[in-house]
Structures are given as C-alpha cells and as structure tokens.
Amino acid sequence: MAVKEWVTYHGVSVNINNDITAFTKIIPCGENDITATSAKEIKGYALNFEAVKKIFQERFIEEFERTYV
C-alpha cells in the first residue's frame, strides 16, 4: 500500500462470506498465480462479519501505525 499526493496505489480487500465468482476475472497485482478466495471458502462455513471486521481493523491498525523506512 502506498500513498502519494493523497492518492492510494494498492489497497486491501478481505472477502468474508461473499461469492467470489466475479473475482475470478481479476489478476491481483498482475500475478497470474494468485487467486481470490473468501474466509468462508477457507473455513468451510460463514463467519460473523462484524466480529471479523473488528479483528481485521484492530490488526490493520497495529500493523500500519508503525513507521517504516
């Protein structure tokens, strides 16, 4: 993830319980060997969206409130 002159260059997407069929047409970061999936596909059951959202936000803040050189 990068920000230059208030423009972001890359982002984050977390698929929780959604149908990822539409994502099969996307080549993430131009890498042909990467495919999209969802937490539901990995775990085998639907997850509580609000609980996952809270955990993701906490971990994201922990990671990106650091200073990188």
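This is a short talk on a few residues in one structure.

Good morning, everyone. Keep in mind that this is a predicted model.

First, the charges. How many salt bridges does a search of the whole structure find? Three. Here is the idea behind them. Side chains of opposite charge can pair when their charged atoms come close.

Let's take them one at a time. Start at K54. Its partner is E58, and the closest N and O atoms are 3.9 Å apart. The cut-off for a salt bridge is 4 Å, so this pair counts. Where do the two residues sit? Both are in helix 2, which covers residues 49-64. They are four residues apart, and that is about one turn of the helix.

Now stay with E58. E58 also meets R59 in a salt bridge, side chain to side chain. The N to O distance there is 3.6 Å.

Next, move on to R59. The side chain of R59 meets that of E62 in a salt bridge, at 3.8 Å from N to O. This pair lies in helix 2 as well. E62 and R59 are three residues apart, again about one turn of the helix. The bridges share partners, and they join K54, E58, R59 and E62 into one network.

How open are these four residues? Let me go through them. K54 is exposed, because its relative accessible area is 52% and exposed means over 50%. E58 is partly exposed, at 35%. R59 counts as partly exposed too, with 47% relative accessibility. E62 is partly exposed at 48%.

Which residues make the nonpolar surface patch of about 240 Å²? They are V12, V14 and F56. Look at F56 for a moment. F56 is found in helix 2. Its relative accessibility is 33%, so F56 counts as partly exposed.

Is I16 buried or exposed? I16 is buried, because its relative accessible area is 7% and buried means under 20%. What does I16 touch? Set aside its neighbours within four places in sequence. Then I16 is in contact with S38, A39, K40, L47, F49 and V52.

One more distance for I16. I16 and E62 are 46 residues apart in sequence. In space they are 20 Å apart, C-alpha to C-alpha.

Now S38. S38 counts as buried, because its relative accessibility is 2%. S38 is in contact with N15, I16, N18 and I20. What does the side chain of S38 reach at 3.0 Å? The backbone nitrogen of E41.

To recap. V12, V14 and F56 make a nonpolar surface patch. Thank you.

How values were computed:
Residues are numbered from 1 along each chain as its sequence is written. This is a predicted model: local features need pLDDT of at least 70, side-chain atom pairs count only at pLDDT 80 or more; totals for chains, interfaces and linings use all residues. Side-chain values use heavy atoms; hydrogens and water are left out. Buried means under 20% relative accessible area, exposed over 50%, partly exposed in between (1.4 Å probe, protein chains only). Contact means heavy atoms within 4.5 Å. Helices (H or I, at least four residues) and strands (E, at least two) are DSSP runs, numbered from the N terminus. Patches are made of residues with over 30% relative accessible area and no salt bridge: like charges are joined within 9 Å, nonpolar side chains (Val, Leu, Ile, Met, Phe, Trp, Tyr) within 5 Å. Accessible areas come from the Shrake-Rupley method with a 1.4 Å probe; for residues, only the protein chains shown count as cover. A polar contact is a pair of N or O atoms within 3.5 Å; within protein, one must be able to donate a hydrogen and the other to accept it, and residues adjacent in sequence count only if both atoms are side-chain atoms.
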